[in-house]
Amino acid sequence: MQSDTSHPKIGLALGGGGARGLAHIPVLEALDDLGLRPTQIAGTSIGAIMGAAYASGRSGEQIREITLKTFSDRNAVLSRLWQLRPKKFADMFRSGPVQFDPERVLEVFISEFLPGTFEDLDIPLRLIATDFFGCREVDFDSGPLLPAIAASIAIPAVFRPVRHNGRHLIDGGVVNPLPFDGLRDRCDIVIAVDVVGAPIPRPNSDDINMLDSLFGSSQILMQTITKQKLKLDQPDILVRPPHDTVRVLDFLKADRILNKAEPLRDQTKEQLSALTKETALVT
């Protein structure tokens, strides 16, 4: 992808939503199809991973291939997870359920595909995390890349908080699940991809199990935050995959998630093509 000054400046916000965030990929492919390159990217949680990969210069198609290869072999995934087990027996019972170190997870699964720092990226990137005790948003846009992504993806109960400059940082979706704010200052067109989803009943189940309760509650909270943000400002293009029963860690269903999200590619291209024509006429 080559930048073109005749094209409008595009800001891309990639939201959080766990495995549902693989639906970001068809949107990235839509940009590639149109030969458009974002001026700036902002990402939260899974959107931080996708945003970093795309900002590093990888195409949407390459990110799709990496994703499918990574999660196509269940045994290989389990083998990598085994590398992340606590090394000490006492650590397994230190403070409740075992939590993974998010930076180690990134090192084992994707570090080979990412550069070392924000400064090595092809596209400016802003990543969102949450200061647990400070109860506020923390933004990263410079310095080491992997620790910033780790903080952004540190979903409570799944990952340990990331300690950074004396703060305990957790998942950015807690405060800003769809980080399109701030993009308008530098961009003509803002695209926001909301992959949070909403709780829906599971087939053949009358009860809500623990995982659905935890994930569904977080979906409701993140949706509430996003609704309030949308009252104050609107992205030019808001992309949302259909609600489904995909859970936050259902990455082994990558193929199915991507197939269901495929219509987003044409949807994004159609809307973006129309907007770029309008912007060109105005300028």
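The contact of helix 2 with helix 6 brings Ala48, Ile49 and Ala52 against Leu145, Ile149 and Ser152, where contact means heavy atoms within 4.5 Å. By class, this contact has five nonpolar, one polar and no charged residues; Ala, Val, Leu, Ile, Met, Phe, Trp, Tyr, Cys and Pro count as nonpolar, Asp, Glu, Lys and Arg as charged, and the others, Gly among them, as polar.

This is a predicted model, in which local features need pLDDT of at least 70 and side-chain atom pairs count only at pLDDT 80 or more, while totals for chains, interfaces and linings use all residues. Residues are numbered from 1 along each chain as its sequence is written, and side-chain values use heavy atoms, with hydrogens and water left out.

To the geometry of that pair. Axes are lines fitted to C-alpha atoms, for helices over the stretch in contact, with angles from 0 to 180 degrees between N-to-C directions. Helices (H or I, at least four residues) and strands (E, at least two) are DSSP runs, numbered from the N terminus.

Helix 2 also packs against helix 1. The axes of helix 1 and helix 2 come within 11 Å and cross at roughly 25°. That makes helix 1 roughly parallel to helix 2. From helix 1, His24, Ile25, Leu28, Leu31 and Asp32 meet Ile46, Gly47, Met50 and Tyr54 of helix 2. Six nonpolar, two polar and one charged residues form this contact.

Which residues of helix 1 meet helix 3? They are Ile25, Pro26, Leu28, Glu29 and Asp32, and their partners in helix 3 are Gly60, Glu61, Ile63, Arg64 and Thr67. By class, there are four nonpolar, two polar and four charged residues in the contact of helix 1 with helix 3. Helix 1 (residues 24-34) and helix 3 (residues 60-71) pack at about 150°, with axes 8 Å apart.

Finally, the whole chain. Its secondary structure comes to nine helices and eight strands. The C-alpha trace spans about 65 × 45 × 40 Å along its principal axes. The mean pLDDT (the predictor's confidence in each residue, from 0 to 100) is 90, and 91% of the residues reach 70 or more. Over residues 89-93, however, the pLDDT is below 50. Where pLDDT is low, the predicted coordinates should not be read in detail.

Definitions and conventions: Parallel < 35°, antiparallel > 145°, perpendicular 65-115°, else oblique.
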